[in-house]
Amino acid sequence: MKNTHHRELKADLHYLHLLSQSFPTVADASTEIINLEAIMNLPKGTEHFLADLHGESEAFQHILKNASGNIKRKVNELFGNAIRESEKKELCTLIYYPEQKLELIKAADEDIDDWYHITIHQLVKVCRDVSSKYTRSKVRKSLPQDFSYIIEELLHERTEDNNKTAYVNVIVDTIITTGRADDFIIALCNVIQRLAIDQLHILGDIFDRGPGAHIIMDTLRQYHSWDIQWGNHDILWMGACAGNKACICNVLRLSLRYANLSTLEEGYGINLVPLATFAMETYGDDPCEEFVPKLLKGQQIDEKTMRLTTCMHKAVSVLQFKEESKIFRRHPEWQMDDRCLLSHVDYQRGVCTIDGKEYEMKSCNFPTIDPAQPEALTPEEEQLMEKLRHSFAVSEKLQKHIRTLLSHGCMYAIYNSNLLFHASIPLNADGTLKEVELFGERHSGRELLEKTGQIIRTAFTADSDPDERHNARDYFLYLWCGPDSPLFDKSKMATFERYFLCDKDTYKEEKGYYFKLRNEPDVCDRILDAFGVQGPQRHIINGHVPVHVAKGETPIKAGGRLMVIDGGFSEAYHQETGIAGYTLVYHSRGFQLVQHEPFTSATEAVLRGTDIKSTTQLVEMSAHRMLVADTDKGRELREQVSDLKELLYAYRHGILKEKRN
């Protein structure tokens, strides 16, 4: 038996040689085994799942700061009745917005040194609690360099220990007398925020509708640990960044539809002057009634800006339909020629023919359309389109943000027996996985999403085959509105019909079979099996389709196998859903779904201590407290322990020699 083990070790000798570089002695390998075994017995870290942020940067940032209400819960547990409710609220607000809150407190508190003493001890207590499930090493890596040693000392020394009371108090006194109290408090609050969420999962749709997608991306670029499963709106911006002109038009149209140009202009420096000039020259005399932007509650625009935005909205929409038609014609395999509706319009009679039936047009004023060649761009439109493409291409910040999406995400992910993707898995009517054609090959399920991810990356890879890169760039449009796209999965996108046709029956977009069958446990099990998701409590977690809580719809489906966490972060959806978003929290005791009410503003939070009102639903609690050993990380650590034990065997039996200094 020993000889067999020897032979197996020799086969892995090259790997063991590499491992010995990091652990050159028996003592080193043994110490690491002890360390890894200890880590596996810590409680699992807290994962937060968010979906469909849609540019709502203030609400998103607040939810990160308050850890979806988790910090408030911890403050209540730690201090109970020991301090007043108003003091707990003040402490929470300080943790969320330390810089701003400190300025207010210093202006109002007459005995600031006493406040510093009390507050630093309170913050240390909170920090000790949120750091308790991590190793000292991991906590140390989260600490700011300036205060790393001091915070570590305070976290592991307690005033209850009479021998250490004076030691701890002197540390706090010195922080205050040296004038570092503000900086220390800010650092401690940031550490609490960071440790409250171990891993952040974004299930797509950072972009569109709200004003701050670029701010969300800036926040994520600095965040300690996160991943994203791309959504259809993310893909649209990725396509625009890659140079897909139809995607550029869609991005502009959606921004103009909600009169939200701050992300484009202020965030990414996209030059909209050429579009504005063209729109007023071309549509200045057109009432463009169908293109008046949708204003959100409290949003105000002066009459001149409203008029300009309306004309720009129509100009870019017509451009979009032309650019989309070009791509649909280039790819007959998509079978989307029926969406080239400009060719179905009788411009003299003002009717559009769809499936052999004529429909009345709301208006038929198309100064840039030649009825003989309705899909052709005029020379002015060609020039405008090139300027817009160039503006997206040279936006350094946009390019940087899209590279961040590429490096942190893909079409799906599997974490701790949870399958994450934004929208759907294309299915047949009987619930089996549907094969979808991708440039001559047919794929379904996991293979479909993996191949789609590869195609997306091809569009951004300089050494790709030029034809493949061109096709990949076109494919962003299919992902946005193609019937079998896992990011769309509907019969059509009825944008043209909504703008131009009177008959509302033409607006209907029939959902794919995934959305019709996803409440069936066996369908969800089939998908989970196809993706190789294992475990007694495995789930699919989605966003994309808002859950209409106000109408009694539940986010928990298929007997608990599926959780849909699009609760309407975007203000545009608040009236529709009745809430303002979800966070799914997965901690060591199980799943909790946190339902959020609308957020007022960061200013209100600082001045009045307002917080997002959140309601927690227990979704699924574990029979035992889950440890790191129960997670994907635990499996990795067990493999590392096994390898290290092999290394120990090799050292002790002379197969490898220790490298002592």
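Visitor: Where is R209 found?
Guide: R209 lies in the loop between β2 and α13. Helices (H or I, at least four residues) and strands (E, at least two) are DSSP runs, numbered from the N terminus. This is a predicted model, in which local features need pLDDT of at least 70 and side-chain atom pairs count only at pLDDT 80 or more, while totals for chains, interfaces and linings use all residues. Residues are numbered from 1 along each chain as its sequence is written, and side-chain values use heavy atoms, with hydrogens and water left out.

Visitor: Is R209 buried or exposed?
Guide: R209 is buried, with a relative accessible area of 14%. Buried means under 20% relative accessible area, exposed over 50%, and partly exposed in between (1.4 Å probe, protein chains only).

Visitor: What is phi for R209?
Guide: Phi of R209 is near 75°, which is a positive value in a residue other than glycine. D52 also has a positive phi, about 55°, although D52 is not a glycine. D52 sits in the loop between β1 and α4 (57–65), and D52 is buried, with a relative accessible area of 0%.

Visitor: Which way do the residues of β2 point?
Guide: In strand β2 (residues 199–202), Q199 and H201 point one way, L200 and I202 point the other way, and all are buried.

Visitor: In what sense does β2 pair with β1?
Guide: Strand β1 (residues 47–50) and β2 pair in the parallel sense, over 4 bridges. Two strands pair if DSSP finds at least two bridges between them. H48 stands opposite L200 in β2.

Visitor: And how many bridges link β2 and β3?
Guide: β2 and strand β3 (residues 226–229) pair over 3 bridges, in the parallel sense. There, I202 stands opposite I228 in β3. From β2 the chain crosses through helix α13 (residues 213–221) to β3, and this β-α-β crossover is right-handed. Right-handed means that, with the strands pointing away from the viewer, the path from the first strand over the helix to the second runs clockwise.

Visitor: Changing topic, what is the order of the strands in the open sheet?
Guide: The open sheet has 5 strands in the order β8-β9-β12-β14-β13, and the pairing is mixed. β8 (412–415) and β13 (556–557) stand at the edges with a single partner strand each, so one side of each is left without a neighbour in the sheet.

Visitor: How do β9 and β12 run?
Guide: Strand β9 (residues 418–421) and strand β12 (residues 539–542) run parallel, joined by 3 bridges. L419 stands opposite I540 in β12.

Visitor: Which helix packs on that sheet?
Guide: Helix α25 (residues 521–530) does, touching β9, β12 and β14 (562–564), and its direction makes about 95° with that of β12. Contact means heavy atoms within 4.5 Å. Axes are lines fitted to C-alpha atoms, for helices over the stretch in contact, and angles run from 0 to 180 degrees between N-to-C directions.

Visitor: How many residues does α18 have?
Guide: Helix α18 (residues 303–330) has 28 residues. Of these 28 residues, 20 are buried, and α18 is mostly covered.

Visitor: Last one: what is T93 in contact with?
Guide: Leaving aside neighbours within four places in sequence, T93 is in contact with K101, A605, V606 and G609. T93 is found in helix α6 (residues 85–96), and T93 is buried, with a relative accessible area of 3%.

Technical notes
The expected span of a helix is 1.5 Å times one less than its number of residues.
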